[in-house]
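Keep the 3D view open as you read.

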Amino acid sequence: MSDLFVRKATGLVRSWSVMDAFVYALFSINLITLGLYSFSQMYYFEGGMVNALIVSALFIFFEVVVYAALISVMPRSGGDYVWQSRILGGAVGFILAVTGWWFILWLWVPLYGDMFRHIVLVPILGVLGAKDAALWFAGTQNGAFTASIITLIIVSIFITLGMKTYARIQKFSFYGGMLGLLIVIVLLLTGSPATFKAGLEANATSMFGAAPGVYDATVTLGTNAGAITPFSGGSFSAVFLVIPYLVFFNLWPNWGATLYGEVRGATDFKRNVAGMGWALAVTTLLAVILLFAIKQTIGWEFYVQAGGAWWNYAWGFSPDAPALPVWPYPALLAAFLTTNKALQLLVVVLMSLWWFGWSGTVFLSSTRVIFAAAFDRLLPEAVAKLDERTGTPINALLMMVVPSVVVAYLFAYNIASFQTLTLCSTLVIAVTFLGTTIAAIVLPYTKPDLYKASPIAKYNVAGIPLITIAGLIFGGFLVFLLYQWIIDPNALYGIGIKNTSSIYYMLGNYVLAAIIYFGFKAYRKSKGIDLNKVQAEIPVE
Amino acid sequence: MTTLFFATDVHGSDICWSKFLNAGKFYGADRMILGGDMTGKAVIPFVHQGGSNYRITLLEQVFDAANEEELTDLFKRVRSRGYYPYMTNPDEIAELEKNPDRVSAIFLAEVLKVVKQWMDLADKKLEGTGMNIYCSPGNDDMDEVDDIIRASKHVLLVEGQVIQLDDHHEMISSGWSNRTPWDTHREEDEDQLKVRYEAMTSQLKNPHNAIFNIHVPPHKSNLDEAPELDKNLRPVLAGNSMKPVGSTALRQSIEKVQPLLGLHGHIHEGRGTSRIGKTLCINPGSMYEQGTLLGAIVRLGKNKVEDYVLTTG
């Protein structure tokens, strides 16, 4: 639109910086937290890690296109909830939104807590010489539960501070975290396998009380655990079978996308694609570089074996405790390459910023969905209440925190095999994404007027709308993931029909959402408010 | 009991206006209130290319119309987003680029033309229904809009007035806002807003049962969260940094008077409800570009809000 004929009016803002969108998306597919955490668990696959990273990124790029397109057609609308409600109906929109953006985040809390102890608490305490505290956090159920509680406290503080402050914490964390990652990569690329082995022996024993011979013992335990995942290569099918685990890390470049503001034209669609797309590409590239650096100095086989040794014991498959008594965190292992304590501390502190800049996301999206549901009268008004003094959404926060404490307890003490549910955290959100993707596929056909008057109306491939094409590709990818997770024909992911705990947990989420939706709908109807009508389109003529 | 329907910030969208006119019957409301900002934000030139061919640039995409049918379709697309079509030719466009005053005049003429059409449509549709629309133009609406509304039979201009909405509830109305980065038509400093509000609240006979139909939301009500902008009006941190931009004078007035209900708009992404003391404040938000009429149905009891719900029509 030429600015010649645009007047000054409220809300007519310029496009946001692609760099800012890039930072937010890059933190959402967080290489250090989500990435390293999942890589370490993926020790038993036959497909190459690098191949899987690249192939999955190619498919996830279509997710970026789908979400950027939906933002262009229906900006500032509240994201998945509104898109699905308007295109697929209120029940689908509500159930998929509250399960994917609220309930399942309860399960993410102990996962965030687990990453918090391994990436923040244990390395910093270890480097500072607080061996007993580090080992307590690293290796005990009480330590795991306490880490989750601290996580809840930190995240609640972020909510209290508000988005404006947290966005600045994220920006600072981005630059600090990137500096830390650069130092780690330099340490790894300038080190050697011999110096690493010596550094590991020296530091693992002094910091964490490991027995001498920790390297060889780890190799043995990892080999016994079946650690085989190659750095690269593998057959087509083997590579594809790695991806359902890998997407725990990289399925989220769209996480902040629903916040993106007024879209004034096709340029803004391209900017959205660029912000999220470059974050996906750069994160994938950084992952390959980091894994290559690990391969050069730590040794790929040792890295995979250390992950196998840790998780094989943690998951209860082996009674043999890992020789390295802390999670094999590559940044900490890189810090072992130097004897300079100050540099070691700098590395682990800077790298901890990857967690702090990312962790607030666990509740920020959830509180938005809770508010939206309350405004639609599908939850009591009180859940959207703000504290008069601080503006904190106290009740919404409680609706996140209280169930999260329960789930964190179940997870930390592995009650009902809760620790096997890790990938449920991804599955339930993938179902929500699938709902949105289906909405995107049908949008040009079910809402033609809305689509034709949007900034993406002219983007077609062979006469078919780009949003439909991208949706079909990404939707197909999601269906593949869901099949592998739920049916799990090769017994690789530990959830789905072979894990009754996971089925009960996930079904419980959907049943609870359905009860809330239909229960409140009936209640409102008894009070004279027909929620079907208030969400129905008013006739124009 | 009185059931009112409130919508706001329709910004020139024909679809939203038509839906608003039908909303009373659709939702069973007996009072209709339109918040401010009824005028659109852009004119789209339809540039004659010779013969029956026209070219437009809509949302940075070029569309061509080669016949009457395609031209009608493009008109519809432009109007559905609240923009104003303007038939022109390359020579006039070249001239207008050198003459911003003439552009402003064209803009105003197009805006007023549509407001007049809307008033005519409202008078036609509401005739015989016993229904009126209470309207107070917002900060984005030019002053010239008021005279056209005044001439309407069923759309009542209530800016700055205290009106008796029903037997129990009075309503004060204003479309004026606190300062914005866009220097719009009806904005002023907070101390001036305070005077404006006091001029109305001082006339209320039963303030606790009153309705504040005020375009701008109260400060820090969660209905006024907008993306923080830099000096170039660019959202900082990809729109993730939100800040309250509502009126502090209005908040003070609500805290002091404690009316029954506040009806607000202005911040399109601020859809929601909030309580300030005993006052229920509502901002239904706006999705006018998508032809979706966001609104609120409120059922007023004698001394309380019996129930309410936000609508997506």
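Find B:Asp183 in the loop that runs between strand 10 (170-174) and helix 6 (190-201) of chain B. Bear in mind that this is a predicted model, and that every value below is computed from it. The backbone of B:Asp183 has a phi near 50 degrees, which is a positive value in a residue other than glycine. As a rule, most residues other than glycine have a negative phi. On the question of cover, B:Asp183 counts as exposed, because its relative accessibility is 54% and the cut-off for exposed is over 50%.

You will find B:Gln258 in the loop between helix 7 (248-257) and strand 14 (261-263) of chain B. Is B:Gln258 buried or exposed? With a relative accessible area of 17%, B:Gln258 is buried, since buried means under 20%.

Now move along chain B to B:Ser286, in the loop between strand 16 (279-283) and strand 17 (294-300). B:Ser286 has a relative accessible area of 6%, so this residue is buried. Which residues does B:Ser286 touch, leaving aside those up to four places away in sequence? They are B:Thr8, B:Asp9, B:His268 and B:Leu294. For a sense of distance within the chain, take B:Leu165, which is 121 residues from B:Ser286 along the sequence. The C-alpha atoms of B:Ser286 and B:Leu165 are separated by 24 Å.

Of the 313 residues of chain B, 64% count as buried. If you take contacts in chain B between residues at least 6 apart in sequence, 65% of them join residues at least 24 apart. The accessible surface of chain B comes to about 11,500 Å², and 49% of that belongs to carbon and sulfur atoms. Chain B carries 34 positive and 45 negative side chains, and the centres of these two sets lie 6 Å apart.

Chain A is the partner to bring in next. Here the secondary structure comes to 21 helices and 2 strands. A compact globule of 541 residues would have a radius of gyration near 24 Å, and the 24 Å of chain A agrees with that. Its C-alpha atoms fill a box of roughly 80 × 50 × 50 Å along the principal axes. Of the 541 residues of chain A, 62% count as buried. Among contacts in chain A between residues at least 6 apart in sequence, 81% join residues at least 24 apart. Chain A exposes about 18,200 Å², with carbon and sulfur atoms supplying 68%. Its charged side chains are 29 positive and 22 negative, the centres of the two sets lying 8 Å apart.

Helix 1 (residues 18-28) is mostly covered, with 9 of its 11 residues buried. Among the buried residues of helix 1 are A:Asp20, A:Phe22, A:Tyr24 and A:Phe27. The other place is A:Asp216, in helix 10 (residues 214-225) of chain A. A:Asp216 is partly exposed, with a relative accessible area of 44%. From the C-alpha atom of A:Asp216 to that of A:Lys521 the separation is 62 Å, and these two residues are 305 residues apart along the chain.

Finally, how do the two chains meet? In all, 80 residues of chain B are in contact with 70 residues of chain A. The area buried between chain B and chain A is about 6,600 Å², of which carbon and sulfur atoms give 54%. On the side of chain B, the residues that lose the most area to chain A are B:Phe26, B:Trp182 and B:Asn240, together 11% of what that side buries.

Notes. Residues numbered from 1 in each chain as written. Chains lettered and ligands numbered in written order. Heavy atoms only, no water. Buried < 20%, exposed > 50% of the residue type's maximum accessible area, 1.4 Å probe, protein only. Contact = heavy atoms within 4.5 Å. Areas by Shrake-Rupley, 256 points an atom, 1.4 Å probe, with all protein chains shown as cover. Lys, Arg positive; Asp, Glu negative; His and termini not counted. Charge placed at Lys NZ, Arg CZ, Asp CG, Glu CD. Buried area = accessible area lost by both parts, 1.4 Å probe. Helix = DSSP H or I, 4+ residues; strand = E, 2+ residues; numbered from the N terminus. Rg over C-alpha atoms; globule rule 2.2 N^0.38 Å.
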